[in-house]
Amino acid sequence: MKVANLLVAFALLALASSFVTAYDPSPLQDFCVGINDADAAVLVNGKLCKNPSFATIDDFTYSGFDVRGNTSNQLRAHVNLITADLMPGLNTLGVSLARIDFEPNGGLNPPHYHPRGSEVLLVLEGTLYAGFVTSNPDHRLFAKILKAGDFIAFPFGLVHFQMNVGKTPAVAIAALTSQNPGVNTIANAIFGASWPINPEVLTTAFHLDKNLVEDLQTQNWVNPS
């Protein structure tokens, strides 16, 4: 019985470890400011970190969220995502922040998902149509018109989007549960892949004409950043 209990304990530990690795590592000290200089760093939680004695308030602050992003692109939107790469003090804290600007009448943050984080989005100005779609097999759409002061949660790994349906510019702030949540924009990944996906794959998957697929693959797919 003791051996059986030990095996069960090991199995549970392995299962728990698999869940833990799906998220940012928890810090084992107050902070771990990321740094690229190996000669001036200590190793904590498997990452190079600045010596805590040399950390400053500048490692934990960022200026510029009041500045409107450049929305002169085909999506007419701009995302300014602040991760641990831009704000080193976020390293191991498991959070990041984004400002999203939308032009009136259709500025779009297109369907995408974050492979490493959930998201909450707060509308500061304007009117957004925002929502997410559940995974297989249901593909349920949860969507709503949001106005200033409203916020929405996008569950981990689900496809979501926001579009400005108002006649004035819109601004939203998003918080994500990872220091580097990643972004995978659906259309860009499918039609803008490098090297291109075999058109026959996309023709069958999307029920599209092959000529249309090939035309889409030649277009310039941009990210709203």
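Predicted model: local features only at pLDDT ≥ 70, side-chain atom pairs only at ≥ 80, totals over all residues.
The order is 3-4-11-6-9, and the pairing is antiparallel.

I checked which strands sit at the edges. They are strand 3 and strand 9 (151-154), each of which pairs on one side only. I then looked at how the neighbours are set: direction ignored, they are turned by 20° against each other on average. For strand 6 (residues 119-125) and strand 9, I found four bridges joining the two, which run antiparallel.

I noted an open sheet of five strands in the order 8-7-10-5-12, with antiparallel pairing. Its edge strands are strand 8 (141-147) and strand 12 (184-185), and each pairs on one side only. Strand 12 is joined to strand 5 (residues 108-113) by two bridges, and these strands run antiparallel. I located Y113 and found it opposite N184 in strand 12.

**Entry on a pocket.** I turned to the second largest pocket, which holds about 250 Å³ of space. What lines this pocket? I listed 15 residues, of which V79, L81, H114, V183 and S225 lie nearest its centre. The elements that give two or more residues to this lining are strand 3 (77-82), strand 4 (96-102), strand 5 and strand 11 (170-176). I sorted the lining residues by kind and wrote down eight nonpolar, six polar and one charged.

Methods: Residues numbered from 1 in each chain as written. Heavy atoms only, no water. Pairing = 2+ DSSP bridges. 1 Å grid on protein atoms, 1.4 Å probe; cavity = no way out; pocket = protein on both sides within 12 Å on 5 of 7 lines; lining within 4 Å. Points joined across faces, edges and corners; volume = space filled by probe spheres on them. Nonpolar A, V, L, I, M, F, W, Y, C, P; charged D, E, K, R; others polar. Axes fitted to C-alpha atoms, helices over the stretch in contact; angles between N-to-C directions.
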